[in-house]
Amino acid sequence: MSLPYFKYHPDPIATGMFERTTAICPCCEQSTEYVYATQPYGVEDVEDLCPNCIASGLAATKFDVVFSDICPLIEAGLKQEIIDEIELRTPGFIAWQQEEWLTCCDDVCEFHGDLQKDELLQLPPAVIEKLRKKSGINEKDWQEIASDYIPESSPAIYKFVCRHCQTIQLGLDYN
């Protein structure tokens with residue numbers, strides 16, 4: 001099975017948002033070899049959604065669910081069609097607190113998962129400075145975070161890439 005393309009989450013298998021399994025999707029009632037690794041936000045619990053039902057928006061419509069918090073996107077003044085794409089047709093990501101999609105160039109950035117340690121060490125200073133300012137972290141505390149950083153732990157550093165200018169942006173999250 002090939003996965004549908006998610007323009008804001010280009011590799012949801014690598015980020016762990018789809019798991020390989022044998023299941024029946026509750027939305028389309030078809031056998032699927034990949035399922036959503038978590039549950040969307042909604043009144044009822046919905047498990048084992050297939051990638052196609054998420055990408056088409058069928059899962060969001062059928063079960064009245066959403067895949068991400070859109071408040072930061074609304075505050076950023078993004079177009080409704082972009083917000084709908086994230087909320088209704090893009091697999092979210094698991095965060096310690098609430099996931100937050102970063103934006104650039106009047107669009108949502110692609111989510112690339114946890115930043116790897118070698119990537120952290122090679123980032124331009126401007127990228128680090130932007131994260132520090134946004135998060136209110138002084139230089140000393142940042143040095144401690146960077147030296148102790150382990151991907152997929154706390155604190156988490158999420159990598160986003162602008163689809164237009166290719167700028168790397170980082171999200172920081174703690175448990």
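Biologist: Let's start with a loop. Between which strands does Asp106 lie?
Modeller: Keep in mind that this is a predicted model. Asp106 has a phi near 60°, a positive value in a residue other than glycine. At 68% relative accessibility, Asp106 counts as exposed, because the cut-off for that is over 50%. As for its place, Asp106 sits in the loop between β3 (103–104) and β4 (107–108).

Biologist: Is Glu29 buried or exposed?
Modeller: Glu29 has a phi near 60°, which is positive although the residue is not glycine. You'll find Glu29 in the loop between β1 (18–24) and β2 (31–36). Its relative accessible area is 59%, and the cut-off is over 50%, so Glu29 is exposed.

Biologist: Cys27 is in a loop too. Is Cys27 buried or exposed?
Modeller: Cys27 is found in the loop between β1 and β2. Leaving aside neighbours within four places in sequence, Cys27 is in contact with Leu49, Cys53, Leu58, Ala59, Lys62 and Phe63. Its relative accessible area is 5%, and the limit is under 20%, so Cys27 is buried.

Biologist: How far apart in space are Cys27 and Glu47, C-alpha to C-alpha?
Modeller: Start with the chain: Cys27 and Glu47 are 20 residues apart in sequence. Now go through space instead, from one C-alpha to the other. For Cys27 and Glu47 that gives 9.7 Å.

Biologist: Let's zoom out. What is the radius of gyration of the protein?
Modeller: The protein has seven helices and seven strands. For 175 residues the globule rule gives 16 Å, and the protein's own value is close to that, so it is as compact as a globular protein of that length. The C-alpha atoms fill a box of roughly 55 × 35 × 30 Å along the principal axes. The radius of gyration itself is 17 Å.

Biologist: How far apart do the centres of the positive and negative side chains lie?
Modeller: First, the two sets: the protein has 13 positive and 30 negative side chains.

Biologist: On to helix α4 (residues 80–89). Which elements do its buried residues pack against?
Modeller: The buried residues of α4 are Ile82, Ile83, Glu85, Ile86 and Glu87. Take Glu85: with a relative accessible area of 18%, it is under the 20% limit and therefore buried. Not counting residues up to four places away in sequence, Glu85 touches Lys7, Tyr8 and Thr90. As a group, the buried residues of α4 pack against α3 (71–75) and β4.

Biologist: Which residue in β6 does Phe111 stand opposite?
Modeller: Strand β5 (residues 110–114) is mostly covered, with four of its five residues buried. β5 and β6 pair in the antiparallel sense over three bridges. In this pairing Glu110 stands opposite Val161, and Phe111 stands opposite Phe160.

Biologist: Which residue is the bridge partner of Val161 in β7?
Modeller: β6 pairs with strand β7 (residues 168–173) in the antiparallel sense, over six bridges. Their hairpin has six residues between the strands, and Gln166 takes a positive phi near 65° there. Over in β7, the bridge partner of Val161 is Ile168.

Biologist: One last thing. Is the peptide bond from Ser154 to Pro155 cis or trans?
Modeller: Pro155 lies in the loop between α7 (139–148) and β6 (156–161). The angle to check is omega, and for the bond from Ser154 to Pro155 omega is near 0°. That bond is cis.

Methods. Residues are numbered from 1 along each chain as its sequence is written. This is a predicted model: local features need pLDDT of at least 70, side-chain atom pairs count only at pLDDT 80 or more; totals for chains, interfaces and linings use all residues. Side-chain values use heavy atoms; hydrogens and water are left out. Helices (H or I, at least four residues) and strands (E, at least two) are DSSP runs, numbered from the N terminus. Buried means under 20% relative accessible area, exposed over 50%, partly exposed in between (1.4 Å probe, protein chains only). The radius of gyration is taken over C-alpha atoms; the globule rule is 2.2 Å times the number of residues to the power 0.38. Lys and Arg count as positive and Asp and Glu as negative; His and the chain ends are not counted. The place of a charge is taken as NZ of Lys, CZ of Arg, CG of Asp or CD of Glu. Two strands pair if DSSP finds at least two bridges between them. Contact means heavy atoms within 4.5 Å.
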